[in-house]
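The questions below go through one protein model, which the reader may wish to keep in view while following the answers.

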Amino acid sequence: MACTTTAEDYEKRAKVRMGRGDIEGALEDFDKAIELNPDFHLAYANRGNAKRKIGDYEGSIRDFDKIIADTKDKSGIGAIFLDRGETKAASKDFIGALNDYDKAISLKPEGNAPNHYYYYRALTKYELNDKIGACADMLKAREKGNKEAAEWIKKICD
């Protein structure tokens, strides 16, 4: 512990703890990193994901909201909208999740959103009983190389 002194040190150790399944320990380290550097967005993002893993959806969304509110140029934060969308979907706020996935995809120029953006949006559309929209997004995800999408399409869309 004596060598862990900077916000970056705590954030790195927290990620190691996450990898080992020690979510509570990771949260303590993310908290310490943020205490040392209240503008450390990476620590907020990782803490938000850790909170989602333990079911603290409100806390997770607050962490992602902080990053979104602080970031002037929204073009580089598609992954934050994706993460917040995942949290909203986990909490059964499918409309909120869909809005975040739409935003994440719109922030990628020329349709260059990664395949998992379309995959998660497709799952959410399916939850909202939009089978046609879900299948269209799964086809896009498969086209971009998502192997899970191909299996899903066989079960749901064919």
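Buried means under 20% relative accessible area, exposed over 50%, and partly exposed in between, with a 1.4 Å probe and protein chains only. This is a predicted model, in which local features need pLDDT of at least 70 and side-chain atom pairs count only at pLDDT 80 or more, while totals for chains, interfaces and linings use all residues. Residues are numbered from 1 along each chain as its sequence is written, and side-chain values use heavy atoms, with hydrogens and water left out.

Q: Is Trp152 buried or exposed?
A: The cut-off for buried is under 20% relative accessible area. Trp152 has a relative accessible area of 13%, and therefore Trp152 is buried.

Q: Which kind of aromatic pair do Tyr126 and Trp152 form?
A: Rings of Phe, Tyr and Trp (its six-membered ring) pair if their centres lie within 6.5 Å, and planes under 30 degrees apart count as stacked, over 60 as edge-to-face and the rest as tilted. For Tyr126 and Trp152 the distance is 5.3 Å centre to centre, with 85° between the planes. The pair is edge-to-face.

Q: How many residues apart in sequence are the parts that the pair of Tyr126 and Trp152 ties together?
A: Helices (H or I, at least four residues) are DSSP runs, numbered from the N terminus. Tyr126 lies in helix H7 and Trp152 in helix H9, so the parts tied together by this pair are apart in sequence by 26 residues.

Q: How many aromatic pairs does the count come to, and what is the pair of Tyr101 and Tyr120?
A: By the ring rule the count comes to 3 aromatic pairs. The rings of Tyr101 and Tyr120 have their centres 6.3 Å apart and their planes at 20°, so this pair is stacked.

Q: Which residues do ring pairs link into a cluster?
A: One of these residues, Tyr101, is buried at a relative accessible area of 2%, whereas Tyr120 counts as partly exposed at 28% relative accessibility. The cluster linked by ring pairs consists of Tyr101, Tyr119 and Tyr120.

Q: Which helix gives the most to the lining of the largest pocket?
A: A pocket is an open set of points on a 1 Å grid over the protein atoms alone, where a 1.4 Å probe fits, with protein on both sides within 12 Å along at least five of seven lines; lining residues have an atom within 4 Å of a point. The residues that line the largest pocket include Glu86, Tyr101, Tyr120 and Tyr126, and the elements giving two or more residues to this lining are helix H5 (78-90), helix H6 (94-106) and helix H7 (115-127). With 5 residues, the most is given by H7.

Q: Which residues is Glu86 in contact with, leaving aside its neighbours within four places in sequence?
A: Glu86 lies in helix H5 and counts as buried at 18% relative accessibility. Contact means heavy atoms within 4.5 Å, and with those neighbours left aside Glu86 is in contact with Arg52, Tyr101 and Tyr120.

Q: At what distance does the side chain of Asn146 reach the backbone nitrogen of Ala149?
A: Asn146 lies in the loop between helix H8 (131-143) and helix H9 (147-156), and counts as buried at 7% relative accessibility. The side chain of Asn146 also joins that of Asn115 by a polar contact of 3.0 Å. The backbone nitrogen of Ala149 is reached by the side chain of Asn146 at 2.9 Å.

Definitions and conventions: A polar contact is a pair of N or O atoms within 3.5 Å; within protein, one must be able to donate a hydrogen and the other to accept it, and residues adjacent in sequence count only if both atoms are side-chain atoms.
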